[in-house]
Amino acid sequence: MNLNAEGLSKQYPRKTGTANYFYAVNPLDLAVRSGEVAVLTGRSGSGKTTLLNMLAGLLRPSEGTVRLDGVDLYALSDNDLSRLRSEKTGVVPQGGSVIDTLTVLENILLPAQLYGRALPVDAAQQWLERLGLAPLRDVRAAGLSGGERRRVAIARALAQDPVLIFADEPTGDLDDENTRLVLSAFRACAHENGQAVFIVTHESDALQYADRVYRMESGQLSEA
Amino acid sequence: MKRFSLSVRSLLRKPGRTAALALLTAFLALAVFGGSVVVLSLRNGLNSLEARLGADIILVPSEAQSKVSFQNMFLQGTTGAFYMDASVLDKALEVNGVEKAAPQTFLASLKADCCSVKIQVIGIDPETDFTVQPWISRSLARELGNMDVAVGCKVEAGVGEIIRIYDQRCKVVAQLESTGTGLDTAVYCSMDTMNALLKAAEDKGVSHKIESGDQVISAVYVKVRDGYSIDTVNSQLTGRLRKVTAVRTRSMLTGVSDSLAGISRTVTALIVAVWALALVILLLAYALIIRERNREFAVLRLIGASRRMLSGMVLTESALCGLLGGLAGTGLAALALFPFAQLIESALNLPYLMPDAGTALLLAAGTVLLTVMVAALSSMAAACRLSRVDPGTALREGT
Amino acid sequence: MKKERIPALLLLVLSLVIAVGSQTFLSPCVHEDGTFGACHWAGQALLGTGAVLAALAALALCLSRARAGVYLSAVPVCALGILTPGTLISLCRMASMRCRAVMQPAMIILFSAALLCAAAGALLCAKKESGR
């Protein structure tokens, strides 16, 4: 699996000042490789999440391309891109990203259910146990704490067995023990299963699990 | 199917929201179905009255003067008895331009032991009658025999049952179809039976005798020959017959049809008002609900739901709400209108003939379909707006 | 409030409407001469049936045991109420009379709704029993 970004940038209209647009992400080239954990750090507002969203097929770039095994993501139709997202990527976004009306297990099985694929019940159970969520399996997500919701989103991303895992501040709401648990799980995914993991964080803890570290400053990417 | 079950689950797990949306659409269905049934029943009633008043002119004794009370006999089934000499019929037939003339004789029964009202008994001449007889023929293949009666649909008496009128035993031989008019509460018999009943009434001290003779009738129904002016024939009849009033049926029907048009206008205005209000609320409600669920939809996009899928899910949910509301609203309207049709008829004071089961079912199905479509369409705008946004942007906005 | 008590509350409200209604706003025909027609006795029977139903509903509301049985016993009482006006006790012969135009349809609807409540209550209790 190869994910390559070429000349990728994102501009937003400026509300004040003389120039009409500003770069949230300056034009950049980047490759995300299988079997590696890549960690992107940087200060808040530096453009990390924007870059992650563009790489994950969630945000159309202003310029440049993102190719997954040679396929230009943003040249695909919405239907094809959505299917590809569902089959190949697992995304853990910032903030709560579970559906409150569903139970924990239903949330985890949802991506497969949307496309009528076989439900990964065993994998779901396994991740629930690994992330300490097994007792909450049938609890409605509305009643979960911030940390629990975050771990459910992680379990949902991992249970689909995607080739690409994107995580935006995955340990933001977690205590030290759970942070270690989650980050080792990501590392195991990359090193044992050969999945590509791309983590955005501003916590230094994550760096020790990284195979490659990038820094982002005012939309400018550099490899550390 | 999997996505459908997701929509159903989403509705079931937010029962408050679902109930509120269903309630709104229920109002729409209630207004449309209820309004249409009332208007349709009034139209049916008018048509039925027109058919039963197949005459152009009705001659009644001047003592029955007030057209209003005569009209009430048809509209509400109030009893009335007034008599004139039977020779009026022959005199009417002699008038140039009269094609048919048929007599009817009315008698109000004494209060029957069953209930506190008098029943109107109407005697007809089966051979010449062209207004009531065709209607009786639909329920009774033969002519009414001696002491036989046919009862209107609102008189509860089974075929074969004996009812007593002035202590005379009359056999019920037919129950007539509903007309939605006052004729439904009357009992019909032949002139011979009527004469026997008149005599019995006289024996009981209820006098109907008039000075001129024994043979009495209450009204003559006149049909004007094609090519003759009804007004001319009317004035000829009035000129020729003394102490007799000629009532033009058209004027009676016009009165009824004017009231009907008034009610139709009110009902239509009401339906439009309810729809306008409910539509605005529905559009606002969907816009707000979808905004509130922004995060949920962004998550769905994130895990691979396409725009089309998302719009489909929103439309399915709103259509299901519409279906629920449509069924509830139509059901409620049916529950209020069908069992209480008689009460509505009395309150409106107009001929009121409910549509038959087939038409009512068709109307109900149409109403439910309409509400489903309207509910789905009103969520469409919000669904479209939702699917235009990139999931990444939606996630950020929804945080 | 326990789920199984909700139908009892509804049943109580309905039965009170039936009992009070049968003598007031849903009453049978009033004869001008002060005599009583058959429909008057139907109205009296409905008052009695409504009162029995109200007692059963109150029992279902207060009792903690045997609630399912009380609900079940309300079902035939409701059926009796449905059949009373017109079938078991005859009404006036004219459909336009108050007893036939108002009392009968209203009572049939009210007793049918009560029957549904009683059945729902019995079902909820049975579900709870089997869940134990």
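How much area do chain B and chain C bury between them, and what percentage of it is on carbon and sulfur atoms? In this predicted model, in which local features need pLDDT of at least 70, side-chain atom pairs count only at pLDDT 80 or more, and totals for chains, interfaces and linings use all residues, chain B and chain C bury about 1,600 Å² between them, with 65% of that area on carbon and sulfur atoms. Residues are numbered from 1 along each chain as its sequence is written, chains are lettered from A and ligands numbered from 1 in the order in which they are written, and side-chain values use heavy atoms, with hydrogens and water left out. Buried area is the accessible area (1.4 Å probe) that two parts lose on being put together, summed over both.

The contact between these two chains (heavy atoms within 4.5 Å) takes 19 residues from chain B and 15 residues from chain C. Two salt bridges are found across the interface of chain B and chain C, a salt bridge being a side-chain nitrogen of Lys or Arg within 4 Å of a carboxyl oxygen of Asp or Glu. In a salt bridge, the side chain of C:Arg93 meets that of B:Glu161 at 2.3 Å, N to O. By class, the side of chain B that touches chain C has eleven nonpolar, three polar and five charged residues, where Ala, Val, Leu, Ile, Met, Phe, Trp, Tyr, Cys and Pro count as nonpolar, Asp, Glu, Lys and Arg as charged, and the others, Gly among them, as polar.

Of the two pairs of chains in contact, chains A and B share the most contacts, whereas no contact joins chain A and chain C, whose closest C-alpha atoms lie 18 Å apart. In the pairing of chains A and B, 32 residues of chain A are in contact with 27 residues of chain B, and about 2,600 Å² is buried between the two chains, 55% of it on carbon and sulfur atoms. On the chain A side, A:Thr101, A:Gln113 and A:Leu114 lose the most area to chain B, together accounting for 24% of what that side buries. Three salt bridges are counted between chain A and chain B; in a salt bridge, the side chains of B:Arg301 and A:Asp78 meet at 3.2 Å, N to O.

Within chain B, an automatic or database domain assignment gives domain 1 (2–48 + 261–398) and domain 2 (52–255), and the C-alpha centres of the two domains lie 49 Å apart. Nine residues from domain 1 of chain B and nine residues from domain 2 of chain B take part in their contact, and the two domains bury about 790 Å² between them, 45% of it on carbon and sulfur atoms. B:Ser48, B:Asn349 and B:Leu353 supply 50% of the area that domain 1 of chain B buries against domain 2 of chain B, more than any other three residues. One salt bridge is counted between domain 1 and domain 2 of chain B, and the side chains of B:Glu345 and B:Lys154 meet in a salt bridge at 2.7 Å, N to O.

Chain B averages a pLDDT (the predictor's confidence in each residue, from 0 to 100) of 85, and 92% of the residues score at least 70. Where pLDDT is low, the predicted coordinates should not be read in detail.
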